[in-house]
Amino acid sequence: MTSAYGDGTRCVRAGLPPVRPGQPFLPGPVLASTYHLDPVAGPTDGVDGYGRPDNATRRALEAAIGELEGGECVAFGSGMAAVSAVLLALAPAGRAVLVPADGYYQTRAFATENLPPRGVAVRTAPTAGPYPCFADIAVALLETPSNPGLDVCDIAELAGRLHEVGALVAVDNTTATPLGQRPLDLGADVVVASGTKALAGHSDLLVGYVCTRSAEIAARFRAWRDLTGGIPGAFDCWLAHRSLATLDIRLARQSANAAAVAEVLTKHPGLVSVRWPGLPTDPGYAVATAQMRRIPGVVTFELPSRGHVARFLGAAQLVEAATSFGGLHTTADRRAQWGDDTPEGLVRLSCGIEDTADLVADVNAALAAAAAD
Ligand SMILES: *Cc1c(COP(=O)(O)O)cnc(C)c1O
């Protein structure tokens with residue numbers, strides 16, 4: 001698939017096999033833990049033998065995501081299975097990893113609990129900087145825009161500096177998706193992401209992936225996954241692949257809704273802060289608009305208290321309380337309730353694909369209700 005095509009065209013065709021009369025566009029899921037073997041020759045290279053290393057439905061999803069990210073994709077059972085593979089498989093004992101101080105809190109929790117006992121030091125830095133000295137960093141995991149604060153960092157600039165010390169650079173592309181940002185084009189060695197969020201986008205499955213242009217690194221991830229077993233199920237792969245076809249139009253509506261909601265939020269007097277990297281007044285605007293192809297449908301804002309958030313959610317008709325993000329339905333999550341180290345009134349609002357006017361009216365009414373205590 002040539003990348004001369006636009007996003008919608010690339011999404012609708014990504015990873016599909018050549019058409020064959022009588023066959024569906026996307027072949028159905030191959031549900032198999034094991035396959036017939038040649039009774040005489042036994043396992044044969046290139047022929048599926050066992051479900052952990054071999055599944056055609058998973059390979060088709062990997063082909064699709066690989067086309068969109070511009071690298072070789074290895075799919076995992078969740079974003080965290082992919083993140084932990086990056087940190088455990090690539091970081092040698094005696095060196096350090098760098099993870100965001102303000103990124104997805106489970107990435108930080110995984111690193112600080114599991115790497116030091118293995119002799120790997122953990123350094124943290126806020127996404128927007130300042131960054132520490134990179135001297136002993138073997139793997140830097142950047143997350144831009146960061147979840148939930150939506151700060152951004154300059155991938156090309158940091159990758160250049162990290163490569164000077166021989167570090168590998170991984171970028172968590174969950175929030176942006178491959179249509180929003182192509183970290184491999186910007187100099188990253190590895191993209192890692194949760195496809196659970198906007199990529200699959202229907203709030204009905206978990207999946208994760210890594211992508212890289214290095215055949216050697218891809219082989220390490222594949223070997224790692226074969227031995228640790230963190231594979232996604234075939235049906236989830238199939239659902240994710242089916243959902244990818246609409247990624248372009250889903251993101252377009254989510255992003256338009258986020259732009260309209262962010263605008264409303266900035267005009268509201270009762271808010272402590274509003275973050276959306278597409279707002280010209282946002283601290284991340286310059287870097288985000290330079291390195292991103294589109295701004296995600298997530299807006300983060302802070303209300304004065306937990307009670308304000310409860311009233312906001314109680315009054316809203318179209319904003320449902322739920323964690324995760326990137327789905328079809330607009331959801332809001334008070335991050336502090338999960339133990340994320342954020343203010344009590346911080347809300348990550350994930351815009352769905354509802355009509356913009358309906359959503360804006362609903363958010364306005366809910367904000368008014370939140371302020372009336
Ligand atoms: C959700 C998320 C993950 C983890 O993904 P799961 O699919 O839930 O395991 C990793 N990174 C970021 C930025 C996320 O938002």
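Tutor: Happy to. One definition to begin with: helices (H or I, at least four residues) and strands (E, at least two) are DSSP runs, numbered from the N terminus. With those labels, P148 lies in the loop between β4 and α5 (155-164). Keep in mind that this is a predicted model.

Student: Okay, and what kind of peptide bond joins N147 and P148?

Tutor: A cis one, with omega about 15°.

Student: What about the bond from G129 to P130?

Tutor: That peptide bond is cis as well, and its omega is near 0°. P130 is found in the loop that runs between β3 (121-125) and β4 (137-143).

Student: While we're on backbone angles, what is phi at T177?

Tutor: The phi of T177 is positive, about 65°, although T177 is not a glycine. You'll find T177 in helix α6, which spans residues 177-180.

Student: Switching to the ligand: where does it sit?

Tutor: The ligand is in the largest pocket.

Student: Which residues come nearest to it?

Tutor: There are 13 residues around the ligand, and G79, D172, S194, T196 and K197 come nearest. By type, the shell has four nonpolar, six polar and three charged residues.

Student: Which polar backbone atoms are 2.8 Å from an oxygen atom of the ligand?

Tutor: G79 has a polar backbone atom 2.8 Å from a ligand oxygen. M80 has a backbone N or O atom that also lies 2.8 Å from an oxygen atom of the ligand. From a side chain, an N or O atom of S194 is 2.8 Å from a ligand oxygen.

Student: And how much of the ligand's accessible area does the protein cover?

Tutor: The ligand on its own has 380 Å² of accessible area, and the protein covers 94% of that.

Student: New topic, the five-stranded sheet. What is the strand order?

Tutor: The order is β8-β9-β12-β11-β10, in an open sheet with mixed pairing.

Student: Why is one side of β8 and of β10 left without a neighbour there?

Tutor: Because β8 (273-275) and β10 (320-321) stand at the edges, and each has a single partner strand.

Student: How do β9 and β12 run, and how many bridges join them?

Tutor: They run antiparallel, and five bridges join β9 (residues 298-302) to β12 (residues 346-350). If you want a pair to look at, F301 stands opposite V347 in β12.

How values were computed
Residues are numbered from 1 along each chain as its sequence is written. This is a predicted model: local features need pLDDT of at least 70, side-chain atom pairs count only at pLDDT 80 or more; totals for chains, interfaces and linings use all residues. Side-chain values use heavy atoms; hydrogens and water are left out. A residue is near a molecule or strand if one of its heavy atoms lies within 4 Å of it. A polar contact is a pair of N or O atoms within 3.5 Å; within protein, one must be able to donate a hydrogen and the other to accept it, and residues adjacent in sequence count only if both atoms are side-chain atoms. Accessible areas come from the Shrake-Rupley method with a 1.4 Å probe; for residues, only the protein chains shown count as cover. On a 1 Å grid over the protein atoms alone, a cavity is a set of points where a 1.4 Å probe fits but cannot get out, and a pocket is an open set with protein on both sides within 12 Å along at least five of seven lines; lining residues have an atom within 4 Å of a point. A molecule sits in a cavity or pocket if more than half of its atoms lie within 2 Å of its grid points. Ala, Val, Leu, Ile, Met, Phe, Trp, Tyr, Cys and Pro count as nonpolar, Asp, Glu, Lys and Arg as charged, and the others, Gly among them, as polar. Two strands pair if DSSP finds at least two bridges between them.
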